[in-house]
Amino acid sequence: MKAMDHNKTPLFSALRRHAEQDPVQFHIPGHKKGLGSDSEFREFIGDNALSIDLINIAPLDDLHQPIGVIEEAQKLAADAFGADYTYFSVQGTSGAIMTMILTVCAPGDKIIVPRNVHKSIMSAIIFAGARPVFISPARDKNLGIDHGITTRSVRKALERHPDAKAVLVINPTYFGICANLKEIVDLVHSYDIPVLVDEAHGVLTHFHEKLPMSAMQAGADMAATSVHKLGGSMTQSSVLNVRKGRVNPHRIQTVISMLTTTSTSYILLASLDTSRRNLALNGHALAEQAIELGQYARQQINEIPGLYCFGEDILGDEATYDYDPTKVSIHVRHLGITGYETENWLRDNYNVEIEMSDMYNILCLVTPGDTYDSVTKLLIALRGLSDRFHEGAEARELVVKIPDIPQLSLTPRDAFYGQTEVLPFKESAGRIIAEFIYVYPPGIPILLPGEVITQKNIDYIVDHVEVGLPVKGPEDRSIEFVKVIVEETAIS
């Protein structure tokens with residue numbers, strides 16, 4: 001088979017040629033190469049970008065039914081990612097995740113998923129009318145974070161639910177931790193069930209042997225992969241990688257088209273095309289640089305009083321089979337402050353922005369866009385943080401009191417569309433919730449539509465709200481009130 005030429009950028013090159021021809025445009029977008037844009041915005045963005053903000057006219061192909069330069073670009077991406085098919089997503093990885101689930105699940109179907117899933121997974125389950133079978137992720141009692149699901153827990157779920165239509169795995173987790181994905185894939189495939197992977201934080205795993213195994217290498221059937229998060233493309237651009245056999249590529253195209261705007265952004269598509277080129281040609285070197293910077297940061301952070309950044313020392317458990325060193329997770333509990341307070345302090349005092357914070361940790365992503373200089377600025381800020389808080393600090397008690405997974409009394413779809421009423425949240429124990437409550441980032445649900453609210457759920461959420469962590473989801477943004485399913489009272 002002839003090797004593909006990854007120097008090519010079929011879509012981006014077509015866009016450039018089209019812009020150079022300077023055609024007279026009587027189609028959307030209405031800014032017409034920027035001439036109709038706000039002048040300040042046009043000057044800031046630049047005419048080059050505005051000249052390729054185009055639509056699906058014939059020379060530029062159509063993402064909804066690609067037969068030209070987009071098809072060629074997607075085939076190059078499939079080759080780069082080791083997939084049989086790759087689909088571009090301008091709806092982010094959320095759109096790719098929804099596509100995976102809606103491709104394999106019909107109303108009433110079971111899907112096995114970790115509890116610490118992104119909210120897009122639960123949104124897709126609602127749209128599909130599917131019934132989630134939850135697996136509890138392994139909890140790290142030293143750090144207060146969730147890892148992935150284990151082979152043992154997947155085996156138990158399959159034994160109880162061999163009729164499940166799919167198993168979804170997060171690889172790697174937000175914090176960069178991986179279970180043994182190959183082992184899980186082989187187990188699930190022994191039941192002839194497809195494996196779907198949320199690979200939002202794993203694009204570089206395809207390009208370096210020092211990183212965890214990618215979903216395609218492990219033999220997964222579909223993987224939603226964020227190129228924009230770590231691979232250099234623009235925000236909201238991702239790919240869906242697919243292995244043929246257990247899933248229907250024609251149905252995937254139909255579903256992703258249903259979920260995708262007909263006004264697809266060619267700037268986003270071009271950034272996927274060019275990022276694929278960069279990763280295919282230079283991905284190993286780019287990943288190597290990020291790994292080296294991440295390990296340098298880790299070593300330096302562990303010398304700062306009151307801070308701890310896990311590395312290889314975390315490995316050895318079934319849930320911690322491997323890790324991504326470019327995810328720099330910093331435990332701040334021994335400074336006597338929360339991760340959320342740390343995030344604000346770094347912003348206010350050093351103009352440093354991090355990826356996320358929780359009660360005890362902050363997460364910093366080291367990517368191919370980082371340099372020794374940017375990492376040095378982070379280290380200076382963290383040393384300043386330690387100088388400010390370490391002396392005399394009393395470590396916050398690490399309380400891992402995640403409530404048990406609530407009882408699912410209705411399917412999420414039935415609850416979401418059911419007849420509801422509004423109650424004070426603190427008085428809602430025992431009722432069935434009809435909306436989401438989650439902490440974002442990373443977007444992991446605490447309560448899902450259809451689950452029975454417990455007092456432990458209420459206490460846990462109130463604690464997060466009171467320390468200022470970003471609890472979101474309900475229509476009432478203050479979390480004082482919540483929508484629940486109306487209970488029929490007995491007629492006397």
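Hi everyone. A residue counts as buried when its relative accessible area is under 20%. Keep that in mind as we walk through this structure, which is a predicted model.

Let's start with strand S6, residues 166-170. S6 is mostly covered, with 5 of its 5 residues buried. Which way do they point? Ala166, Leu168 and Ile170 face one way from S6, while Val167 and Val169 face the other.

Strand S2, residues 110-114, pairs with S6 in the parallel sense over 2 bridges, and isoleucine 111 has alanine 166 as its bridge partner in S6. Strand S8, residues 195-199, also runs parallel to S6, joined by 4 bridges. There, leucine 168 has leucine 196 as its bridge partner.

The backbone nitrogen of valine 195 lies 2.7 Å from a polar atom of the aspartate 221 side chain. Where is this aspartate? Aspartate 221 sits in the loop between helix H9 (215-218) and strand S9 (222-225). Its relative accessible area is 2%, so aspartate 221 is buried. Beyond its close sequence neighbours, within four places, aspartate 221 contacts residues including His189, Pro194, Asn241 and Arg246. Asparagine 241 is 20 residues away along the chain, with 8.2 Å between the two C-alpha atoms.

Last stop, the helices. The axes of H4 (residues 69-81) and H12 (residues 266-301) come within 10 Å and cross at roughly 35°, in a left-handed crossing. Among the residues that meet there are Leu76 of H4 and Leu269 of H12. By class, this contact has 8 nonpolar, no polar and 2 charged residues.

How values were computed
Residues numbered from 1 in each chain as written. Predicted model: local features only at pLDDT ≥ 70, side-chain atom pairs only at ≥ 80, totals over all residues. Heavy atoms only, no water. Buried < 20%, exposed > 50% of the residue type's maximum accessible area, 1.4 Å probe, protein only. Contact = heavy atoms within 4.5 Å. Polar contact = N/O pair within 3.5 Å; in protein donor to acceptor, adjacent residues only side chain to side chain. Axes fitted to C-alpha atoms, helices over the stretch in contact; angles between N-to-C directions. Left-handed = near helix turned anticlockwise from the far one by under 90°. Nonpolar A, V, L, I, M, F, W, Y, C, P; charged D, E, K, R; others polar. Pairing = 2+ DSSP bridges.
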